Amino acid sequence: MTQSGSMPRATATSARRCRLNALITAALAIIGLLVALGTPPATAATTTTQLQWDLAGLGYLSFSGIDGSYGPATTAAVKSFQTDQCLSVDGVAGTQTDGALSGVVKLVQDVAGATADGAFGSATKSAVAAWQSANNLTADGQAGPATMAAMQITRNHQCGGPGSGQPSPGSSAAAQLQWDLAGLGYLAWSGIDGIVGPVTEVATETFQTDACLSVDGIAGPQTDGALVTVIKQIQTKAGTTADGAYGPNTRTAVTSWQQSHSLPADGQAGPATMSAMGVTRTQHCGAPPTGTPGPGVSATTQLQWDLAGLGYLPWSGIDGITGPHTAGATEAFQADRCLSVDGIAGPQTNGALVTVIKAVQSKAGTTADGAYGPNTRTAVTSWQSAHGLTADGQAGPATMIAMGISRTVSGCTPPPGGVPISGSVGDAIVSIAQAEMNNSAHNHEVGGYNCNYYTTYLGESGTGSYCSNGWKSEEWCADFAMFVWQKAGISLAGLNAGAVSFYHYGRNHGTWHTGSPRIGDAVVFNVTADGGSASHVGLVVGVSGSTFTMISGNTYNPSDGQDDAIKQVTLNDTGGGISGFADPVTAQPANNNQAAFQYFTGKGLSKVQAAGIVGNFDQESSMNPAVKQYGGGPGRGIAQWSTGGRWDSYASDNAVWYAGTLGANVWTLNPQLTFTWYELATYSNYGLASLRAAGDVNSSVIAFQDKFEGCSVCETANRERYAQQALAYYG
């Protein structure tokens with residue numbers, strides 16, 4: 001958070017990042033509307049006595065300073081509050097200042113359990129004192145820095161909008177790209193630096209995903225064209241020149257439009273603004289996008305058609321350019337076929353692709369020439385429709401299983417151990433977060449002004465001009481959380497330096513929930529009604545009954561009274577300001593869940609029963625057949641069967657033996673699914689009868705959990721949540 005002193009604030013948008021709250025956002029939007037309409041500021045929007053009570057209640061003035069006289073002490077307190085709130089600093093409690101005071105006081109009252117009328121008084125003072133006492137704070141009735149930090153309420157903000165030193169749009173292709181991405185809410189305004197680094201690439205990838213384009217982080221002709229199209233729609237709605245290039249004029253027009261529609265007036269056409277404008281933000285891809293190059297145009301294009309046709313690449317990934325996503329898809333195919341994994345489609349890889357595609361074409365009833373193209377896609381779509389499968393034209397795992405074609409081959413060496421996935425990923429997150437909290441080289445700011453290690457490590461574009469040691473500066477609670485998740489093996493796709501990005505991450509992946517958290521979750525505070533901002537994010541490192549323990553960065557440090565440290569705190573599940581929790585999503589083949597769901601319904605289980613199995617496997621392994629238990633534990637594969645037992649030792653009941661009878665690689669999905677069914681159908685103690693008797697998701701999850709998994713710490717609520725997601729997606 002911003003420190004005291006005359007130095008300018010470090011970043012332009014951090015007020016929306018770590019501690020911005022919903023009521024202040026709404027208050028400022030209303031204030032902006034009044035200003036836009038020409039309402040003159042009042043000279044005394046509240047009585048002096050009430051003003052002093054408000055200032056004293058928030059710790060800007062002592063209670064003994066309440067004397068009804070608007071003197072130098074009151075003026076100084078008003079200026080301090082205005083500075084913290086990014087208001088015009090004149091010491092006059094006009095309409096804007098009074099509205100902001102009311103908004104902050106209401107937040108304090110809400111957390112303290114007092115009537116939220118926006119006016120600090122003796123009743124609020126008593127409620128705050130009681131809250132402080134219950135939370136081991138000095139019970140003085142003042143919601144000063146320490147108390148507001150404990151309440152997860154922002155005290156001092158940083159002003160929004162691009163800074164004066166940032167490159168203007170049009171000054172370079174990189175700067176214009178960043179203006180466009182920031183204008184659409186994919187990048188923070190502070191991210192405009194004219195340098196295309198990792199943060200800009202991630203923002204580009206997120207836009208490409210939303211626009212059904214090839215996701216490579218490179219703003220080529222298709223991406224630029226899609227940006228222009230969307231921006232023109234925004235400009236038209238906002239009533240400004242529709243030239244397809246975001247710039248100051250567009251930002252001003254969007255800000256005015258937001259003010260007139262009671263939205264946070266940040267000038268960014270993010271999800272809430274685009275929704276209100278009626279502009280589609282996220283497209284849905286079911287086929288190659290218009291303009292996709294045809295197969296055979298080049299070797300690269302044919303390779304992409306082949307990989308997409310087999311479900312290793314989305315249709316939108318066909319762009320004729322060999323980038324990181326094509327290489328990654330090639331590696332995945334190579335791993336499945338026990339080839340040298342180098343991401344290069346050489347003779348062996350191409351030969352294997354031809355073989356698999358010919359098998360698919362033969363099953364689908366089309367010419368078996370070994371090259372995926374529109375005719376093969378049409379034939380596969382028809383075959384899928386006739387067999388009750390998702391008719392997307394891609395011969396992914398579920399379709400190949402249904403066709404009786406082996407997707408993977410045996411003979412591969414097992415993957416390296418210690419990969420932190422699913423149930424074990426929580427342990428990894430806890431370990432990493434605690435280590436960083438105790439790491440004296442990382443766990444603090446240097447020189448104040450939000451100069452921190454985590455923004456620097458992630459390559460984000462916070463400013464470095466105020467940092468004496470080469471670190472970068474921006475509010476960093478989200479950066480800390482991203483760092484920990486990344487180190488634990490979590491994909492950061494869709495996340496950025498805004499705390500609210502964790503809310504959208506959870507919503508987009510189907511893992512957002514309220515109630516009880518699980519270890520490793522991101523806990524998000526004060527998400528605004530439109531989903532445009534949140535105040536803070538931390539990571540859950542412990543759960544006990546109705547409370548949980550959180551570690552977060554950019555947190556209040558009692559030793560210096562600033563928000564500049566990594567700290568641990570224990571909170572109630574429904575404590576003040578908690579909007580909800582986002583489960584991390586591990587990097588797994590996206591269609592493994594669907595393949596498993598369809599496999600078990602194909603065995604005669606009901607949809608809720610199949611979902612119960614999927615929910616259990618998601619909790620155990622994120623449905624990753626190649627995972628070993630984190631920390632060197634015995635668990636292996638999707639069910640985390642134990643070495644020395646059901647994984648490799650029990651007579652006629654171990655996965656390695658069973659895969660051998662199939663001539664299959666035990667580290668792949670299909671043999672593990674079929675082994676699961678073998679165990680269920682062969683050994684009654686694994687609970688097939690109980691599972692078949694289950695009539696809803698809850699009882700299905702518990703039947704499989706208790707009989708098949710036999711877990712000691714089951715986290716049943718998580719298994720149920722994953723099962724409900726599977727039912728919603730595939731049922």
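Helices (H or I, at least four residues) and strands (E, at least two) are DSSP runs, numbered from the N terminus. The model is predicted, so local features need pLDDT of at least 70 and side-chain atom pairs count only at pLDDT 80 or more, while totals for chains, interfaces and linings use all residues. Residues are numbered from 1 along each chain as its sequence is written, and side-chain values use heavy atoms, with hydrogens and water left out.

Helix H8 covers residues 198–210. Its 13 residues reach 18 Å from the first C-alpha to the last, close to the expected 18 Å, which is 1.5 Å times one less than the number of residues. After H8 comes Cys 212, with a positive phi near 60°.

Further along, strands S6 (residues 547–557) and S7 (residues 562–572) run antiparallel and are joined by nine bridges. Thr 555 has Ala 565 of S7 as its bridge partner. Four residues separate the two strands of this hairpin, and Gly 561 in the turn has a positive phi of about 75°.

The structure holds two salt bridges, each a side-chain nitrogen of Lys or Arg within 4 Å of a carboxyl oxygen of Asp or Glu. In one, the closest N and O atoms of Glu 620 and Arg 719 are 2.8 Å apart. Glu 620 lies in helix H22 and Arg 719 in helix H27, so the pair ties together parts 99 residues apart in sequence. Arg 646 forms a salt bridge with Glu 679, and both residues are buried.

Methods. Pairing = 2+ DSSP bridges. Buried < 20%, exposed > 50% of the residue type's maximum accessible area, 1.4 Å probe, protein only.
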